[in-house]
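Thanks for coming. I will go through one structure, so please keep the picture in view while I talk.

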Amino acid sequence: MEGGSLLDRLQRAEPTEKQLKQMSFLEEKRTRIDVDCLRDSTVKMRDWYDERDQFINGNDEIKENFWVRVFANAPSEIDQYIMTPDAAALGSTLKNLKVERFELDAQGKGEPRSIRLTFEFRTGEENPYFENDKLVKELYWRQRSVKGADGKTKSWEGLVSEPVRIQWKEGMDLTKGLLDAACDLAEAEKGGKERKKLPELEKLKNKIVELETTADQEEDDEEDEFPLGPENASFFAFFGYRGNDVSAEESEAATKKADERYAKLSKGESIEDEEEEDEEFEDIEVFPDGEQLAITIADELWPHALELFNREELDVDEFGGDLDDEDEDDEDDEETARPKKKTKV
């Protein structure tokens, strides 16, 4: 074949260092354009979201179970984190959801990637799971840039958050103590206390090991069950997500440095200090996929809620079901389960 095999052609297509730098610059440029588009669309869509809320709240028969139906039809990127007990809890208690790009002002200035998720719930006897009438999870988009001992600068960007405690009713903690342990550690760290010396850190690590061990045992006992460790725990463990420890001041400095660097590259100037991505996370994360889950709720579920509400393939068996019926539900799940649906906590 003229030009050689496809494999040979692929192997020969190695870009030069100069080309790699240009590709990196183009990717950064695309990201910045995406952020500008998100900033613009967020401002333009605010009136529409208000209009949608007015419609939902103005129709009692729709308002009653609107967000329950939306979560029942959530895309697999969200659904995979909702265990059967989570679905029962959400189905019987969830009243409302609100997503806000809260660091973006009315004029469109600020960071549009920061997200506030507000879940509203029924209370009293209508909520047998917890006392909270509202759970608010604020996730701040932060950047970090640190020069290591080798002289190379390592950078990281993503969502960071504080754990949100849930006031569980007796015997109803769907996270099996994992969320409480994460909240206890975060509270103990306030005041500048060193994390490694805190007994709460050891308690959290022990809790993670305990749940991982239990998950391994359940997986051995029931081959068809998905393992249930901290990395795929209850949906409510999401409220314990933290991300990297990056302060607002540290992020502001890193952002300024990144802007200055990008301005030089835009002018064709060479940059001596090349940055490497730093993806290291602390070993205390109780919901490692928290950032992606928050983004998916904000980008997919929130704007497409009307479409999800009207989908015909509604999973009514999972949402609002009774925990005593798990065995029967499990049999049905073997044939009709959505991807990665877990059925035990």
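**A pocket, a helix and some rings**

Three elements, α2 (17–57), β1 (94–100) and α10 (290–301), each supply at least two residues of the lining of the second largest pocket. Before I go on: this is a predicted model.

Which of these elements gives the most to that lining? The answer is α2, with 7 residues. The whole lining of the second largest pocket has 17 residues, and those nearest its centre are Thr 42, Tyr 49, Val 99, Arg 101 and Trp 302. By type, the lining divides into 9 nonpolar, 6 charged and 2 polar residues. The volume of this pocket is about 400 Å³.

Next, please find helix α9, residues 248–266. Helix α9 has 19 residues and spans 26 Å from its first C-alpha to its last, close to the expected 27 Å. Its buried residues include Ser 251, Ala 254, Ala 258, Arg 261 and Tyr 262. Why do they sit on the same side of α9? Because they cover an arc of only 100 degrees around the axis. On the face of α9 turned away from the buried side are the exposed residues Glu 249, Glu 252 and Lys 256. After α9 comes Gly 268, with a positive phi near 85 degrees.

A positive phi also turns up at Lys 176, near 55 degrees, and this residue is not a glycine. Lys 176 is in the loop between β4 (153–161) and α7 (178–189). Is Lys 176 buried or partly exposed? Lys 176 is partly exposed, at a relative accessible area of 42%.

Last, the aromatic rings. The structure holds 22 aromatic pairs. One of them is Tyr 81 with Phe 287, a tilted pair at 5.5 Å centre to centre and 50 degrees between the planes. Tyr 81 is in the loop between α5 (76–79) and α6 (84–93), and Phe 287 is in the loop between β5 (275–277) and α10, so the pair ties together parts 206 residues apart in sequence. Both Tyr 81 and Phe 287 are buried.

Phe 121 and Phe 130 make an edge-to-face pair, 4.9 Å centre to centre with 90 degrees between the planes. Phe 121 is buried at 2% relative accessibility, and Phe 130 is buried at 1%.

How values were computed: Residues are numbered from 1 along each chain as its sequence is written. This is a predicted model: local features need pLDDT of at least 70, side-chain atom pairs count only at pLDDT 80 or more; totals for chains, interfaces and linings use all residues. Side-chain values use heavy atoms; hydrogens and water are left out. Helices (H or I, at least four residues) and strands (E, at least two) are DSSP runs, numbered from the N terminus. The expected span of a helix is 1.5 Å times one less than its number of residues. Buried means under 20% relative accessible area, exposed over 50%, partly exposed in between (1.4 Å probe, protein chains only). The arc is that of the directions from the helix axis to the C-beta atoms. On a 1 Å grid over the protein atoms alone, a cavity is a set of points where a 1.4 Å probe fits but cannot get out, and a pocket is an open set with protein on both sides within 12 Å along at least five of seven lines; lining residues have an atom within 4 Å of a point. Grid points are joined across faces, edges and corners, and a volume is the space filled by probe spheres set on the points. Ala, Val, Leu, Ile, Met, Phe, Trp, Tyr, Cys and Pro count as nonpolar, Asp, Glu, Lys and Arg as charged, and the others, Gly among them, as polar. Rings of Phe, Tyr and Trp (its six-membered ring) pair if their centres lie within 6.5 Å; planes under 30 degrees apart count as stacked, over 60 as edge-to-face and the rest as tilted.
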